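Me: Please take a close look at one pairing between strands in this structure. Then set that pairing in its surroundings, for a reader who has not seen the structure before.

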Amino acid sequence: MRLNDVAIEDTFAEAFTMYGARVIITAINEKWANHAALAATGFATSIIGCGVEAGIEGPALSTPDSRPGVACLFFTTSKEDMEKQLLNRIGQAIMTTPTSACYDGLSQDYGQQEQPAAKLKLGSKLRFFGDGYQSSKVINGRRFWRIPVMEGEFLVQEEFTVVKGVGGGNFLILAETAAAALAAAEAAVEAIRAVPGVILPFPGGVVRSGSQVGSRYKFLKASTNVAFCPTLRGIAAKTMLPPGVNAVLEIVIDGLTPDAVAEAMRVGIRAACLKGVRSISAGNYGGRLGKHLFPLRQIVQ
Amino acid sequence: MRVSSDMGDESVPARITLLLKQTPPVPVEAESINPESVTAKGRREIEDLPLWVGNSQERVGDYFRVEVEETEGRRDEDNDRLATLLLVGDLSRFKRLGWGMSRGEMLIQGTVGPHAGAFMRGGTLVIQGQAGDWLGAHMEGGKILVQGSAGNFVGAAYRGYKTGMKGGTIIIRDGAGQMLGARMRRGVIAVGGDCGDFAGFGMAAGTVVVGGTPGLWVGARMKRGTIILLQPGELLPTFYFDCTFAPLFWRLLYNYLHQEGFSLPPSCREMNFKRFSGDANEEGKGEILVCPSLD
């Protein structure tokens, strides 16, 4: 199968069930909402080394306080990790940002339709920062904590919804040059930004150091994806690089639902089929480990 | 839609209308009239519901003409069939209408007597007229919307009780009497007009919004909670000025009240308040937020 003269390999992406949360950050303007969002989702590229995968989903279309807002998505492998990560990130990155407030972004979508995986009482733990002067308000059935800070008050919702999402949706861009691979990856990222319910946790949405499971070193769980390293084509035991490919970039997608991840892969792959790209592939483990499989050819049709 | 002649069809929700035939000579204990007590009942069953009129027990049918209409109706969160109850007439001698109701909708076209919606736990009570004293006393949930004014002790605690309203929302378009929200523990009371003395007396938590001019002794003995005054009022000396700021929760509360039909100017959402802490004679963790002006 070819798309815009780019080969779509007959393979599939293998993704895993992760726990997802959406946090809505508001502030006096977009600039400060973005400051908080960037800090809260910083150093959250891979679950392997960061403990969480996070990113900015996009501007929040409506916010509880009617101010400009940004939606961020967070993904972890357990509900306990989610609580730990969100407590740290809301407390250290969002509460510290001037004029910010923080709300659960999933309560409306999932509150009535689907049983959430968990409701984390984050606000009622963050409130202790108020040193006894904190207070709460129940508005329209939801409790919000008011924590006094030097600039006024930090408002944070008490409960945050956690749902089962999908982590590790991906595709690989195999290109003739590094520049061509980057241009295609940027186009893919741009297209995926318009898809709701997904984030691209790596810097700029692109990862160059894709990994393989395990390594020759006992202390290392993951190591460089040898089969896709162009500099190792001649010496690696096995290479997955077709002739003419000199650079590979990966797009990793985490989403709240399998459908959202599939849609992001579809628009991303279609956008990435540019001049200089030889083929599109995907990372998998033979289909034995992940619950979610995304066959490339089926998705792009 | 069709009018049922006698027994209600149990498979179809109904709209039940009680039209006042005659004004009772003395106050009536009407706690039997709420959406739950009339759901899935036929006309005769509803007419036979008891009413204490003075010291004699009489029937709903003695004072009301009952109409049962089958409708598409509404179902509550448990998907139960629910009757919508409509009362029409001057019910100022009927006490405890909607007492303890937990779901459904009750619409009253006319003035109601005291204790309407007291101990209410859910559902919606709409009063298109004036409400008497003790409206929503000890209320725990649900909504009361008054398209008129209310008497004294709205959302308050009965004599001898420490805690009044514990949840829910009361919205009054016009004014309210004394002791508004006295000893309330949770919930929201919003009054569009003026209110009497001792608004928020002894509050333990919750929110009282007064759109008009407040009476004297606002927030006396309050321990926690919030009183929002959209018009300046005289405060007790036991309230200390903190700062002028724009509390973010007010924007959420404004949006909620606006959604519920409480009319406020749009500019109101983003305004600054003067914050006063008190009552210093108690724990002093309550607050009165005063809007300098609503221009």
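Predicted model: local features only at pLDDT ≥ 70, side-chain atom pairs only at ≥ 80, totals over all residues.

Reply: In chain B, B:V28 stands opposite B:F94, a residue of strand β10(B). The pairing belongs to the contact between strand β3 of chain B, residues 28-29, and β10(B), where two bridges join the strands and the direction is parallel. These two strands are part of an open sheet of four, whose order in chain B is β5-β4-β3-β10 and whose pairing is mixed. At its edges stand β5 (56-59) and β10 (94-95) of chain B; each has a single partner strand, so one side of each is left without a neighbour in the sheet.

Strand β13 of chain B, residues 143-146, is joined to β14(B) by four bridges, and the two run parallel. Within the chain, B:L145 faces B:I171 of β14(B). Strand β14(B) is likewise joined to strand β15 of chain B, residues 186-191, here by five bridges and again in parallel. In this second pairing B:T169 stands opposite B:V188, which lies in β15(B). What is the setting of strand β14 of chain B, residues 166-172? Six of its seven residues are buried, so the strand is largely enclosed by the rest of the structure.

A helix of chain B may be described next. Helix α4 of chain B covers residues 248-259, twelve in number, and reaches 17 Å from its first C-alpha to its last, close to the expected 16 Å. Its buried residues are B:L248, B:F249, B:W250, B:R251, B:L252, B:L253, B:Y254 and B:L257. Just after α4(B), B:G261 adopts a positive phi of about 95 degrees.

Taken as a whole, chain B has four helices and 20 strands. Its radius of gyration is 20 Å, which agrees with the value near 19 Å that a compact globule of 295 residues would have. Along the principal axes, the C-alpha trace of chain B spans about 65 × 40 × 30 Å. Of the 295 residues, 51% are buried. Among the contacts of chain B with a separation of 6 or more, 44% join residues 24 or more positions apart.

Chain B also meets chain A: 14 residues of chain A are in contact with twelve residues of chain B. On the chain A side, β8 (135-139), β9 (142-149) and β10 (152-157) each supply at least two of the touching residues. The largest share, four residues, comes from β8(A). By class, this side of chain A holds six nonpolar, four polar and four charged residues.

Chain A has a secondary structure of eight helices and 17 strands. Its radius of gyration is 21 Å, close to the 19 Å given by the globule rule for 301 residues, so chain A is as compact as a globular protein of that length. The box filled by its C-alpha atoms is roughly 65 × 40 × 35 Å along the principal axes. Buried residues make up 48% of its 301 residues. Of the contacts in chain A with a separation of 6 or more, 73% are between residues 24 or more positions apart.

Within chain A, helix α6 runs over residues 178-192; these 15 residues reach 21 Å from first C-alpha to last, close to the expected 21 Å. Buried in this helix are A:A180, A:A181, A:A184, A:A185, A:A188 and A:I192. Seen down the helix axis, the buried residues of α6(A) fall within an arc of 130 degrees, so they line one face. They pack against β11 (159-175), β12 (198-199), β15 (247-255), α7 (258-272) and β16 (277-281) of chain A.

A:K121 lies in strand β7 of chain A, residues 118-121. This residue is partly exposed, with 15 other C-beta atoms within 10 Å. Neighbours within four places in sequence set aside, A:K121 is in contact with A:E158 and A:E159. A:K121 and A:Q157, which are 36 residues apart in sequence, have their C-alpha atoms 8.6 Å apart in space.

Key: Residues numbered from 1 in each chain as written. Chains lettered and ligands numbered in written order. Rg over C-alpha atoms; globule rule 2.2 N^0.38 Å. Buried ≥ 20, exposed ≤ 12 C-beta atoms within 10 Å, placed from the backbone. Contact = placed C-beta atoms within 7 Å. Pairing = 2+ DSSP bridges. Nonpolar A, V, L, I, M, F, W, Y, C, P; charged D, E, K, R; others polar. Expected span 1.5 Å × (residues − 1). Arc of directions from axis to C-beta.
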